[in-house]
Amino acid sequence: MTTREWDAATYDRISAPQLRWGLAVLERLALAGDERVLDAGCGSGRVTERLLERLPRGTVVALDGSEAMLQEAARRLAPHLSRVELVHADLGQPLPAMAPVDAILSTAVFHWVPDHDALLRHLAAVMRPGGRLVAQCGGAGNVASVLRAACEAGEGWDGPQHFATAGATRRRLEVAGFVEVETWLHEEPTAFEAGEQLTTFLRTVILGAHLERMPPERHDAFVQAVAARLGPHPVVDYVRLNILATRGSPGRRAESAEP
Ligand SMILES: C[S@@+](CC[C@H](N)C(=O)[O-])C[C@H]1O[C@@H](n2cnc3c(N)ncnc32)[C@H](O)[C@@H]1O
């Protein structure tokens, strides 16, 4: 497994930046309203809920690698569960057999999956030809100042995240069988209040994987040390990698992902 558990209730409460970005990404997905759409890494379901509003006659496969996130999503999506399939799976592994989806939405997830070639292959395998992939995740340079601070304050480890470039991602998509590919990076500097707001966010989201490697008694000191390095008016240097692509017909696969 390339997945980990999350503090899902806290994520649901503090994920305003991810919700804001996710809704902008959802706007890019053209829908007739009756499709079957995979939300790849649905988390606590805040973006999924808004996706369901766009699918009054459709269904959503809400997939995540964290049981706690899926439980939180089940609570949030309770009024719509007749139109939602909750799936516990690792996007780094071949996905469980499912009826092909018409589209895939994914927000703030891909950078947590180490092997993007495998990830995109697994997504392509569950899509119908002509289906759209609309996604955003952390891209090259994302949260660099926080990871630098974490390196200085911790064990010299800069985390498991895979922040890809637009060019490498475009090539990977083509190799995985996607066409009409567009990828680009944009900066999303995001201000936090120093103190509890910042430390809760660091603990729950950016440094979650770092903390998993440490004994619990070291968590507070580590998070405080990272927060202190970000100064009294912290602005996290988020960089988002945007992806638009269409699943090509089988047989139209490029030869290699390398430049
Ligand atoms: C930052 S949250 C984003 C959740 C939601 N898409 C949003 O925008 O609020 C990242 C999510 O990706 C999930 N995730 C990370 N790696 C994964 C993997 N390999 N397979 C499935 N889900 C994964 C996590 O469990 C978590 O729920």
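Guide: Helix H2 makes the greatest contribution to the lining of the largest pocket, giving three residues; helices (H or I, at least four residues) and strands (E, at least two) are DSSP runs, numbered from the N terminus. The model is a predicted one, in which local features need pLDDT of at least 70 and side-chain atom pairs count only at pLDDT 80 or more, while totals for chains, interfaces and linings use all residues. Residues are numbered from 1 along each chain as its sequence is written, and side-chain values use heavy atoms, with hydrogens and water left out.

Visitor: What volume does the largest pocket have, and which residues are the closest to its centre?

Guide: A pocket is an open set of points on a 1 Å grid over the protein atoms alone, where a 1.4 Å probe fits, with protein on both sides within 12 Å along at least five of seven lines; lining residues have an atom within 4 Å of a point. The volume, which is the space filled by probe spheres set on the points, with grid points joined across faces, edges and corners, is about 650 Å³ for the largest pocket. Of the 42 residues lining the largest pocket, Trp6, Asp64, Ala108, Val109 and Trp112 are the closest to its centre. Elements that give two or more residues to this lining are helix H2 (16–26), helix H3 (46–53), strand E2 (59–64), helix H8 (196–206) and strand E7 (235–247).

Visitor: Where does the ligand sit, and how many residues surround the ligand?

Guide: A molecule sits in a pocket if more than half of its atoms lie within 2 Å of the pocket's grid points, and here the ligand sits in the largest pocket. The ligand is surrounded by 20 residues (each with a heavy atom within 4 Å), the closest being Tyr11, Gly41, Asp64, Leu91 and Thr107.

Visitor: Is the phi of Ala108 positive or negative?

Guide: Most residues other than glycine have a negative phi. Ala108, in the loop between strand E4 (101–107) and helix H5 (116–125), has a positive phi near 65 degrees.
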